[in-house]
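Subject: A structure for you to look at

Hi,

Here is the structure I promised to pass on. Have a look at it first, and then read my notes with it open beside you.

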Amino acid sequence: MKKGTRILAIGALAVGALAISWVSLWLTFGPNIPPKTFILDVDISQLSKGEAAAKLAVEKKEELNGKINFTIGSEKFAIPVKGSGVTFDVAKSLAAIPTRSWGINKLLSGVFATKKIEPIITIDEESFTRAIKVVELDVNVAPRNADIVYDGVTPKLVKTIPGKILQRDAVMESVASTWLRNNSIELTMKERAAKISDEEAEELLGFAHSAVSAPVLVTLATEKPVKFSLSPQVISQALTF
């Protein structure tokens with residue numbers, strides 16, 4: 001065999017081998033979900049999407065029909081999944097699985113790479129708002145406004161104490177990104193400022209001092225004017241800020 005012919009023969013064999021490997025990868029990938037594919041640690045490899053949905057429903061039945069657990073600091077809370085508006089959207093999750101393609105990189109990845117598909121969680125805001133209120137009632141704390149109170153006739157500043165609140169949007173984001181992956185969803189409280197600050201209350205201290213600095217003479221404009229005096233002690237008990 002001549003050298004040129006031999007080179008052509010080797011080339012043809014190489015192309016043939018490559019074509020066979022390519023087709024082999026195509027067939028191994030298969031028309032269904034590719035090998036080494038997982039959702040929530042459930043192996044759904046080589047299943048149809050219908051079979052995968054059924055398997056997920058069985059494997060995750062307890063979590064899907066149980067409770068959504070929360071941890072806030074050292075305290076634990078839970079709300080039932082039913083009625084919470086939180087749903088595992090299986091169809092959208094399965095739609096994110098890569099499909100078979102003739103592209104060599106996609107074929108290699110589809111056959112040999114481990115694919116962990118993120119579950120898609122949808123939340124109905126109205127239903128979730130009703131459900132999470134049970135937790136909010138336990139953990140939300142209203143702030144205390146700064147105030148001025150009298151100790152006898154001496155005005156004193158009562159400083160503000162910030163409140164704390166669950167941010168519902170942040171809670172929903174945490175649920176969407178964490179539910180079904182972890183046993184409990186960790187939440188953080190946001191500080192809630194008081195409406196009246198210490199600085200605003202301090203601005204009234206001068207007036208509070210002046211108001212009780214001396215008795216106040218009062219004249220009632222009646223047919224026969226009546227005069228009487230209000231002592232600083234009486235004034236301090238009547239004033240509110």
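**What I found**

Let's start in a loop: Asp-124 sits between strand 7 (121–123) and helix 6 (125–139). Before going on, please keep in mind that this is a predicted model.

Asp-124 has a relative accessibility of 38%, so it counts as partly exposed; the label "exposed" is kept for values over 50%.

**Salt bridges**

How many salt bridges does the structure hold? There are five, and I'll take you through some of them.

Another salt bridge joins the side chains of Arg-181 and Glu-118, with 3.1 Å from N to O. Arg-181 belongs to the loop between helix 7 (168–178) and strand 11 (185–187), while Glu-118 belongs to the loop between strand 6 (115–117) and strand 7, so this pair ties together parts that are 63 residues apart in sequence. What about cover? Arg-181 is partly exposed, at 29% relative accessibility, and Glu-118 is exposed, with a relative accessible area of 53%.

Then there is the salt bridge between Lys-60 and Glu-63, whose side chains meet at 3.6 Å, N to O. Is Lys-60 buried or exposed? Lys-60 has 12% relative accessibility and therefore counts as buried, because the cut-off for buried is under 20%. Glu-63 comes out as partly exposed, at 31%.

Next, look for the open sheet of three strands, which has the order 2-1-6 and mixed pairing. Strand 2 (42–43) and strand 6 are at its edges with a single partner strand each, so one side of each has no neighbour in the sheet. Strand 1 (residues 37–39) and strand 6 run parallel and are joined by three bridges.

Pro-35 counts as buried, at 12% relative accessibility. Pro-35 and Ser-45 are ten residues apart along the chain, and 4.7 Å separates their C-alpha atoms.

**A hairpin**

Strand 8 (residues 147–151) and strand 9 (residues 154–158) pair in the antiparallel sense, over five bridges. Two residues lie between these strands in the hairpin, and Gly-152 has a positive phi near 75° there. Across the pair, Val-149 stands opposite Lys-156, and Tyr-150 stands opposite Pro-155.

Which residues make up the covered face of strand 8? They are Ile-148 and Tyr-150, whereas Asp-147, Val-149 and Asp-151 make up the uncovered face. Here is the background for reading that pattern: side chains in a regular strand alternate between the two faces of the sheet.

**Two positive phi values to check**

A bit of background first: most residues other than glycine have a negative phi. Gln-46 is not a glycine, yet its phi is positive, at about 65°. You'll find Gln-46 in the loop between strand 2 and helix 2 (49–59), where it is partly exposed at 39% relative accessibility.

Leu-180 also has a positive phi, near 75°, and is a residue other than glycine. Look for Leu-180 in the loop between helix 7 and strand 11. Is Leu-180 buried or exposed? At 11% relative accessibility, Leu-180 counts as buried.

**One last residue**

Back in helix 6, find Val-134. Val-134 is exposed, with a relative accessible area of 54%. The C-alpha atoms of Val-134 and Ile-79 are 7.9 Å apart, though 55 residues lie along the chain from one to the other.

Cheers

Technical notes. Residues are numbered from 1 along each chain as its sequence is written. This is a predicted model: local features need pLDDT of at least 70, side-chain atom pairs count only at pLDDT 80 or more; totals for chains, interfaces and linings use all residues. Side-chain values use heavy atoms; hydrogens and water are left out. Two strands pair if DSSP finds at least two bridges between them. Helices (H or I, at least four residues) and strands (E, at least two) are DSSP runs, numbered from the N terminus. Buried means under 20% relative accessible area, exposed over 50%, partly exposed in between (1.4 Å probe, protein chains only). A salt bridge is a side-chain nitrogen of Lys or Arg within 4 Å of a carboxyl oxygen of Asp or Glu.
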